[in-house]
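Here's a quick briefing to read alongside the structure. Take a look at the picture first, then work through the topics below.

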Amino acid sequence: MDIGQAIKQNANRLANKIAIRDDKSSIIYSDLNSQANRLANALLNLGLGRGDKVAAMMYNCIDFMVYYIALAKARLVAVPISTRLEGPEMKYILNNSDAKAMFFAVDYADRVEPIRKELRKIDEGN
């Protein structure tokens, strides 16, 4: 059983129980499962397929867990990017990881935007 299946199972058994709590909020299993399903389907509708890599530069928060679980559900591969990296290091990792899409917190836009056009595999639409 993978994490996507475990969350689905817990959403059925423990729907209203808190699944994750961070410094700012919490989410119950049924909502976590729904959000992860929506994101997984959105990624698949973008044309990503089993084994494709999706990078993320995000805080350690509920949104990161939704991303991670959604990737498991869609059979995509997570490429976490350290929030301490700057443009050249990020560009190297992204180009050499074959990531086809990337999520990033708005706070990191000033580091991602300057290298965006230099990312070989990430489509501007993703």
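Where does Arg 75 lie? Arg 75 sits in the loop between H3 and S4. Before going further, note that this is a predicted model, where local features need pLDDT of at least 70, side-chain atom pairs count only at pLDDT 80 or more, and totals for chains, interfaces and linings use all residues. Residues are numbered from 1 along each chain as its sequence is written, and side-chain values use heavy atoms, with hydrogens and water left out.

A few terms to keep handy:

- Helices (H or I, at least four residues) and strands (E, at least two) are DSSP runs, numbered from the N terminus.
- Buried means under 20% relative accessible area, exposed means over 50%, and partly exposed is in between (1.4 Å probe, protein chains only).

**Salt bridges**

- The whole structure has 5 salt bridges, each being a side-chain nitrogen of Lys or Arg within 4 Å of a carboxyl oxygen of Asp or Glu.
- One of them joins Arg 75 to Asp 2, with the closest N and O atoms 2.5 Å apart.
- Arg 75 is in the loop between helix H3 (62-74) and strand S4 (77-80), and Asp 2 is in the segment before helix H1 (3-13), so this pair ties together parts that are 73 residues apart in sequence.
- Arg 75 is partly exposed, at 35% relative accessible area, and Asp 2 is partly exposed too, at 23%.
- Another salt bridge brings together the side chains of Asp 52 and Lys 100, at 3.2 Å from N to O.
- Asp 52 belongs to the loop between helix H2 (29-45) and strand S3 (53-57), while Lys 100 belongs to strand S5, so the pair ties together parts 48 residues apart in sequence.
- Is Asp 52 buried or exposed? Asp 52 is buried, with a relative accessible area of 14%, whereas Lys 100 is partly exposed at 34%.
- Glu 113 and Arg 116 also meet through their side chains in a salt bridge, at 2.8 Å from N to O.
- Glu 113 is partly exposed at 39% relative accessible area, and Arg 116 is partly exposed at 26%.

**Aromatic rings**

- How many aromatic pairs does the structure hold? There are 4 of them.
- The rings of Phe 64 and Tyr 67 have centres 5.4 Å apart and planes at 45°, so they make a tilted pair.
- Here's the rule behind that label: rings of Phe, Tyr and Trp (its six-membered ring) pair if their centres lie within 6.5 Å, and planes under 30 degrees apart count as stacked, over 60 as edge-to-face and the rest as tilted.
- Phe 64 and Tyr 67 are 3 residues apart in helix H3, which puts about one helical turn between them.
- Phe 64 is buried at 18% relative accessible area, and Tyr 67 is buried at 1%.
- Tyr 67 also pairs with Phe 103, this time edge-to-face, with 5.6 Å from centre to centre and 65° between the planes.
- Phe 103 counts as partly exposed, at 25% relative accessibility.
- Put together, Phe 64, Tyr 67, Tyr 68 and Phe 103 form one aromatic cluster.

**Backbone angles**

- Most residues other than glycine have a negative phi, and most peptide bonds are trans.
- Arg 75 has a positive phi of about 60° although it isn't a glycine.
- Asp 98 isn't a glycine either, and its phi is positive, near 65°.
- You'll find Asp 98 in the loop between H4 and S5, where it counts as partly exposed at 35% relative accessibility.

**Out on the surface**

- Which residues gather in a patch of negative charge? They are Glu 86, Glu 89, Asp 107 and Asp 110.
- To join a patch, residues need over 30% relative accessible area and no salt bridge; like charges are joined within 9 Å, and nonpolar side chains (Val, Leu, Ile, Met, Phe, Trp, Tyr) within 5 Å.
- Asp 107 lies in the loop between strand S5 (99-104) and helix H5 (109-112), and is partly exposed at 47% relative accessible area.
- Asn 96 is part of helix H4 (residues 87-97) and counts as partly exposed, at 47% relative accessibility.
- Asn 96 and Ala 6 are 90 residues apart in sequence and 31 Å apart in space, C-alpha to C-alpha.

Note on methods:
Accessible areas come from the Shrake-Rupley method with a 1.4 Å probe; for residues, only the protein chains shown count as cover. Lys and Arg count as positive and Asp and Glu as negative; His and the chain ends are not counted. The place of a charge is taken as NZ of Lys, CZ of Arg, CG of Asp or CD of Glu.
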